[in-house]
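Subject: A structure for you to look through

Dear colleague,

I am handing over the structure below, and I would be grateful if you read these notes with it open beside you. They go through what was found, one part at a time.

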Amino acid sequence: MNFAIKRHDNRDINEINIQIDNSDRIQFITKDMVEQIVDQSSHNGIQANKIKDINTIKTEESLNANPFILKNNVYIDLNGEINIHVVQKQPIARIKTNKDEFYLDNYGNSFPLSKNFSLPCLLVNGEIQEDEYEGIANLVQVICKDNLLKNHIVGIEKVKKDLYHLILNVPDCYIEYGKIENNKQKLTNLKEFYTKYLDYVGFSTYKKISLMYDNQIVATKR
């Protein structure tokens, strides 16, 4: 048994199979980057040539330390092939403050911008605090799941504490959103208002549409 294990460990690595989720759309992580981490995490710290060189635990830890990786799994099969599955973080919003700029994922976790790849997503401006990340992520997900909303809302701006504006793709018109709460109800009200009125007269008829009041919309004409 020990001989068989030793013979297996001394085998050359036949292949490194790397699966990166959503790699057709998101390229924060590439196969070359993963292979480099495998080599750096090997027992010799330079290059992994044989099965015994692979340190699966250290490789997983090194991959998890990458700010663009959500989770991963590394294992060696009986054919001497290294199998690596990587799940990238998926940005849904890009936060821009006076001091910093970074992404938010759909869990409300922040991670840095990449020098190698940029993914277009909803821009959020203002002095955003960490305890607001989750609420912003929830709001953005509601917007992005609806074709009507995502086609008209191009950004979010924090004006001051508990006051957010939704930025439209219409000049000189914005939506006064207020606190980030009751997102589904507020945006459902907005869609109904659009269907009944805005679809006929257009956003340009108004300079402000307010969702700050319970179960009603207050629109200010130009």
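Which strands each supply at least two residues of the lining of the largest pocket? Before the answer, please keep in mind that this is a predicted model, and that everything below is computed from it. The strands in question are strand 3, which covers 81-88, and strand 4, which covers 91-96, and each of them supplies at least two residues of that lining.

The pocket itself has a volume of about 250 Å³, and of the 16 residues that line it, the closest to its centre are Arg 25, Gln 90, Pro 91, Ile 92 and Leu 119. If you sort the lining of this largest pocket by residue type, you will find 10 nonpolar, three polar and three charged residues.

For the chain as a whole, there are six helices and 12 strands. Buried residues make up 40% of the 222 residues in the chain, and of the contacts in the chain with a separation of 6 or more, 50% are between residues 24 or more positions apart.

The structure holds one cavity of 30 Å³ or more, and the largest cavity has a volume of about 60 Å³. Its lining is made up of Leu 148, Leu 149, His 152, Ile 153, Leu 168, Leu 190, Lys 191, Tyr 194 and Phe 203, which divide into seven nonpolar, one polar and one charged. Helix 5 (147-152) and helix 6 (183-201) each supply at least two residues of this lining.

Which residues of helix 4 are buried? They are Tyr 133, Ile 136, Ala 137, Leu 139, Val 140 and Ile 143. Seen down the axis of helix 4, these buried residues fall within an arc of 165 degrees, so they line one face of the helix.

Ile 156 counts as buried, at 1% relative accessibility. Ile 156 and Leu 139 are 17 residues apart in sequence, and their C-alpha atoms are 9.7 Å apart in space. Leaving aside its neighbours within four places in sequence, Ile 156 is in contact with several residues, among them Leu 139, Val 140 and Ile 143, and also Leu 122, Val 124, Tyr 164 and Leu 166.

Asp 172 has a phi near 60 degrees, a positive value in a residue other than glycine, and it is found in the loop between strand 9 (163-168) and strand 10 (174-178). Asn 182, likewise a residue other than glycine, has a positive phi near 50 degrees, and it lies in the loop between strand 10 and helix 6. Are these two residues buried or exposed? Asp 172 is exposed, with a relative accessible area of 64%, and Asn 182 is exposed as well, with a relative accessible area of 51%.

With best wishes

Terms used
Residues are numbered from 1 along each chain as its sequence is written. This is a predicted model: local features need pLDDT of at least 70, side-chain atom pairs count only at pLDDT 80 or more; totals for chains, interfaces and linings use all residues. Side-chain values use heavy atoms; hydrogens and water are left out. Buried means under 20% relative accessible area, exposed over 50%, partly exposed in between (1.4 Å probe, protein chains only). Helices (H or I, at least four residues) and strands (E, at least two) are DSSP runs, numbered from the N terminus. The arc is that of the directions from the helix axis to the C-beta atoms. On a 1 Å grid over the protein atoms alone, a cavity is a set of points where a 1.4 Å probe fits but cannot get out, and a pocket is an open set with protein on both sides within 12 Å along at least five of seven lines; lining residues have an atom within 4 Å of a point. Grid points are joined across faces, edges and corners, and a volume is the space filled by probe spheres set on the points. Ala, Val, Leu, Ile, Met, Phe, Trp, Tyr, Cys and Pro count as nonpolar, Asp, Glu, Lys and Arg as charged, and the others, Gly among them, as polar. Contact means heavy atoms within 4.5 Å.
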